[in-house]
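Here is a short walk through one protein model. Keep the sequence and the 3D view side by side as you read.

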Amino acid sequence: MTTPLALPDEVQVVNIGLPMFADAVRAQGRPVQHVDWRIPADGDLAAVRALCNLYGDAGAAIDEANAEVVRRLNEGVPQLVEVSTFGAAVPGVEGRMILHSGPVLPYAEHADPLQRSMRAAVVAEGWAADVAEAEKLLQSGAITLDAANHHDAVVPMASAVGPSQPALVVDNREGGTRAFSSLNQGPGEVAWFGRDTDAAIARLRFLADTAGPAITQILAEAGQLDILAIAAQGITMGDDLHMRTQAATNLLTRTWLAPIAALPDAARVPFAQYLAGNHLFFLNFAMAAAKSLQLWAHQVAGSSIVTHMARNGTTFGVKVAGDDSWYITEAPPVGDAMYYSGYGPETSAKDIGDSAVLELTGMGGPAAGNSAAVAAFLGGAMSDAAAATESFQAICAGASTRFTLPAMGFIGTPLAVDVRKVVETGITPKVTTGILHIDAGIGQVGAGVATAPIACFSDALKALAARVA
């Protein structure tokens, strides 16, 4: 005889996966614990096989290599040692060469803002009389174009720099690596925002003729600069060091105030005006420092840590430590955005710039949790900013002891993006960034947060699995 089925009088539920089932139980007044679980790698069987290998037989060796990468990123002390020019200091820059942000593309395939920046750079170098002539030279291939990353350099937004432009020279002595960045051009009518006007070209010439030599003189008096010591202070004061660098810029200005005052009459006032109007002045310093650490990290074989992440407004590429191949996909739009009046997604260029190197080094998105400025783009509450930091915690291999977040109990910012965790969880880095007009040469039209595309991380993961098999 079959025993009748007896239903329990009280039900407590653990729900795994789809949250709608937990919501239904909760709506009926019963206790429920929801477990946010999803199929690893979104069900990509090749990626799941790769993850099994990289967490399984190869896991211990990868974890050991990753620990070394975290140590290098955490313990290196990048120093600004001089300001030179790209032609004089940067390896491989010769002749009529322009370095640009993001992966390499033929001129015709670059986004409109970057093409405009290239034209401005060509005219500023004196290779063309105007932007129309610069366009012809660029279309003909008479100007060599290459990624700044291929020359141990990083440049923000739609930057394109020629050999006469000032180069920040940053040494990471612990790792024996040297990295470079341009000087920040500031806000307004400038080439790094996709402008090729007379004013944008004049700003490039000002940097070469006045700002670069001024900083050379400042360093001669003030000595070398510990960049990330200032960055760490800036983060505790509300900077994320990507979208907002106001505190670090102010700290640097204070540090250099006496040698700025001692500049020659012809340079002092123009340089001071440029510095006073440029709240992103420190951005390029932080980028060069981050690049010097990432170059050291990239030397570690057998690691699953992402060491390059760059965008050119058309494509988005990453590299993993020990692997010199780029894994490239289409650049994403910038979401979670705030636009200037009259602009929106339909007028916006895609994500662009090398500044995502910051997100790989504990700055930018990982530091969002202490930044009210970033919170404004993520829902308006500090809890929204904390959630951005927490998303990096889910995909990083370690935490910084250099960068701490008072608003989150002084935790260290997440450090070292692990491609295994990215693909497993489907959580990709979120990059705080500006937004440029798509094609009208208007410049910046807003700011927001770009979510990195998963495809390039998945490709990098599969390549890593093949290497360690």
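Start with strand S12. Both of its faces are covered: Thr 315, Gly 317 and Lys 319 are buried on one side, and Phe 316, Val 318 and Val 320 are buried on the other. Buried means under 20% relative accessible area, exposed over 50%, and partly exposed in between, with a 1.4 Å probe and protein chains only. In a regular strand, side chains alternate between the two faces of the sheet. Six of the six residues of S12 (315-320) are buried, so the strand is largely enclosed by the rest of the structure. Strands here are DSSP runs of E with at least two residues, helices are runs of H or I with at least four, and both are numbered from the N terminus.

A word on the source. This is a predicted model, where local features need pLDDT of at least 70, side-chain atom pairs count only at pLDDT 80 or more, and totals for chains, interfaces and linings use all residues. Residues are numbered from 1 along each chain as its sequence is written, and side-chain values use heavy atoms, leaving out hydrogens and water.

Now look at the partners of S12. Two strands pair if DSSP finds at least two bridges between them. Strand S11 (residues 306-312) runs antiparallel to S12, joined by five bridges. Met 309 stands opposite Val 318. Two residues separate the strands of this hairpin, and Gly 313 takes a positive phi near 85°. Strand S13 (residues 327-330) is also antiparallel to S12, with four bridges. Here Val 318 stands opposite Tyr 327. Six residues lie between S12 and S13 in their hairpin, and Gly 322 in the turn has a positive phi of about 80°.

Next comes an open sheet. Five strands form it in the order S6-S9-S8-S3-S10, with mixed pairing. S6 (153-154) and S10 (225-226) are at the edges with a single partner strand each, so one side of each has no neighbour in the sheet. Two bridges join S6 to S9 (residues 177-182) in parallel, and Val 154 stands opposite Ser 181. Helix H12 (residues 283-298) lies across S3, S6, S8, S9 and S10.

Finish at Leu 280, in the loop between helix H11 (265-276) and H12. Leu 280 counts as buried because its relative accessibility is 12%. Beyond its neighbours within four places in sequence, its contacts (heavy atoms within 4.5 Å) include Asn 184, Trp 192 and His 242. The C-alpha atoms of Leu 280 and His 242 are 8.5 Å apart, with the two residues 38 apart along the chain.

Note on methods: Axes fitted to C-alpha atoms, helices over the stretch in contact; angles between N-to-C directions.
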